[in-house]
Amino acid sequence: MKKLPNFKALINYYPTEKGGLVSPVSTGFRATFLFPFELQTYIGAQTFEEEELIFPGDSVSVDVTLINAELFLDKLYTGMDFEISDNTGTIGNGIIVAVYS
């Protein structure tokens, strides 16, 4: 069963020189999302609508599906900011532009 996205966000991926992505990513890319005032991090699967590949330094509109975050979903709101990281550190930041019910 395919899960529906939880929210749409505008994400800014840092360039490689600033610790961001080293190689391009595509739909299905999973990263760790850290929200303000939330101690737990969440894994989010990203779906890119406009581009097939996202390169370091790009800013894109993304649909995000958080995994195992059912208890946190009601805390999401439009305008909420967050950071994205992978195993190398923080690779970008973003802001929620729409929350899907």
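Strand S1 (residues 7–13) is largely enclosed by the rest of the structure, because five of its seven residues are buried (under 20% relative accessible area with a 1.4 Å probe, protein chains only; exposed is over 50%, partly exposed in between). This is a predicted model, where local features need pLDDT of at least 70, side-chain atom pairs count only at pLDDT 80 or more, and totals for chains, interfaces and linings use all residues. Residues are numbered from 1 along each chain as its sequence is written, and side-chain values use heavy atoms, with hydrogens and water left out.

**Who S1 pairs with**
- S1 and S4 run antiparallel and are joined by six bridges; here Asn 12 has Ser 59 of S4 as its bridge partner.
- With strand S6 (residues 89–99), S1 pairs in the antiparallel sense over seven bridges, and Phe 7 is partnered with Val 99 of S6.

**S2 and S3**
- Strand S2 (residues 30–34) runs antiparallel to strand S3 (residues 42–48), with four bridges joining them.
- Ala 31 sits opposite Gly 44 in S3.

**A look at Ser 61**
- Ser 61 belongs to strand S4 (residues 59–67).
- Ser 61 counts as buried because its relative accessibility is 18%.
- Leaving out residues up to four places away in sequence, Ser 61 touches Lys 8, Ala 9, Leu 10, Glu 49 and Glu 50 (contact means heavy atoms within 4.5 Å).

Note on methods
Pairing = 2+ DSSP bridges. Helix = DSSP H or I, 4+ residues; strand = E, 2+ residues; numbered from the N terminus.
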